[in-house]
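Subject: Structure handover

Hi,

Here is the structure I promised to pass on.

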Amino acid sequence: MPKLRVEIDSDSGFCFGVVNAITKAEKELENNKEPLYSLGDIVHNGDEVKRLSESGLKVIEHSTMSGVAGKRLLLRAHGEPPSTYQEANALGIKIIDATCPVVLKLQQKIRRAYLENVDAQIVIYGKNGHAEVNGLVGQTDGNAIVVEDVNDEDGIGKIDFSRDILFFSQTTKPIDGFKQLSALLEAKMTNGAVFTAYDTICRQVAGRQKNIENFAKRHDVIIFVGGDKSSNAKALFQACYAVNRNSHFIQNESQIDMGWFEGASSVGICGATSTPMWQMERISEKLIKNS
């Protein structure tokens with residue numbers, strides 16, 4: 001096999017919100033020896049979660065919050081609904097809030113819209129059950145309607161198109177999907193009801209799809225690194241695969257098959273907003289060493 005030319009996508013890796021959350025966790029672990037808990041995986045990447053757990057970060061779920069009464073609890077970048085803060089307060093838990101500033105701003109916007117427009121419906125373009133979406137719906141006391149895409153008949157079927165609609169988006173959804181769903185919903189409005197759309201998609205994340213497509217086109221083989229729980233990873237990998245069928249999704253370097261590179265001269269390594277740069281660098285080193 002000829003020596004491979006390996007390139008890491010400079011636009012891949014942690015987004016600002018994830019960097020902020022991990023930095024807060026590392027500082028808390030370094031400066032305070034008391035236990036630190038994370039409400040859910042701090043990032044959808046098993047290797048990064050393991051790295052932080054070895055430094056002392058312990059993961060709990062909502063159902064076990066009562067077990068950390070009086071302790072320190074980190075809220076990850078995805079954000080949480082008001083009920084989480086209320087429960088933590090009742091349990092005497094000290095919150096380290098690492099909610100992404102973009103998500104926090106959106107939560108506040110939805111809360112204001114809900115309180116100031118009592119006759120309107122709040123509709124959110126997002127993935128049902130996603131941590132960020134749960135936090136957004138919580139701003140409306142559970143009344144917001146979540147629609148996953150233009151084919152989500154169940155979600156769309158819950159909307160009353162004779163009433164005003166205020167339409168928002170989960171920060172990590174694709175812009176094209178937002179535009180398509182917005183046009184579909186607006187076309188269904190009746191009885192003079194008003195449809196108002198707010199593009200609340202994070203541009204740092206949204207811009208990655210086009211960038212990663214261009215990156216994937218430049219290489220013979222693509223190694224996409226991401227966690228199996230990450231919606232962002234799945235979406236970005238599909239963007240790679242659509243333009244380069246020699247794209248492979250892995251979670252870490254142990255899953256690499258050197259047979260993928262037979263006849264290839266260039267390899268591109270890229271990842272999701274939840275993929276640490278150290279992980280991509282480790283894979284690059286392995287490919288260079290073994291080619």
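Predicted model: local features only at pLDDT ≥ 70, side-chain atom pairs only at ≥ 80, totals over all residues.

Residues are numbered from 1 along each chain as its sequence is written, and side-chain values use heavy atoms, with hydrogens and water left out.

The largest pocket has a volume of about 830 Å³. Its lining has 38 residues, and Thr171, Thr172, Lys173, Val205 and Asn232 are the closest to the centre. (A pocket is an open set of points on a 1 Å grid over the protein atoms alone, where a 1.4 Å probe fits, with protein on both sides within 12 Å along at least five of seven lines; lining residues have an atom within 4 Å of a point. The volume is the space filled by probe spheres set on the points, which are joined across faces, edges and corners.) Helix 10 (231-243) is one of the helices that each supply at least two lining residues, and its five residues are the largest share. Helices here are DSSP runs of H or I, at least four residues, and strands are runs of E, at least two, numbered from the N terminus.

The second largest pocket comes to about 180 Å³. It has 16 lining residues, with His62, Arg76, Glu80, Ala131 and Asn134 nearest its centre. Helix 5 (residues 131-138) gives the largest share, three residues.

Strand 12

What about strand 12 (residues 266-271)? Six of its six residues are buried (under 20% relative accessible area, 1.4 Å probe, protein chains only). Ser266, Gly268 and Cys270 point one way, and Val267, Ile269 and Gly271 the other. Strand 12 runs parallel to strand 1 (residues 5-8), joined by four bridges, with Arg5 as the bridge partner of Ser266. Five bridges join strand 12 to strand 10 (residues 221-225), also parallel, and there Ile223 stands opposite Ile269.

Four strands make an open sheet in the order 7-6-8-9, with parallel pairing (strands pair if DSSP finds at least two bridges between them). Strand 7 (145-147) and strand 9 (195-197) are the edges, each pairing on one side only. Strand 8 (residues 165-169) is joined to strand 9 by three bridges, and Ile165 has Phe195 as its bridge partner in strand 9.

Cheers

Key
Buried < 20%, exposed > 50% of the residue type's maximum accessible area, 1.4 Å probe, protein only.
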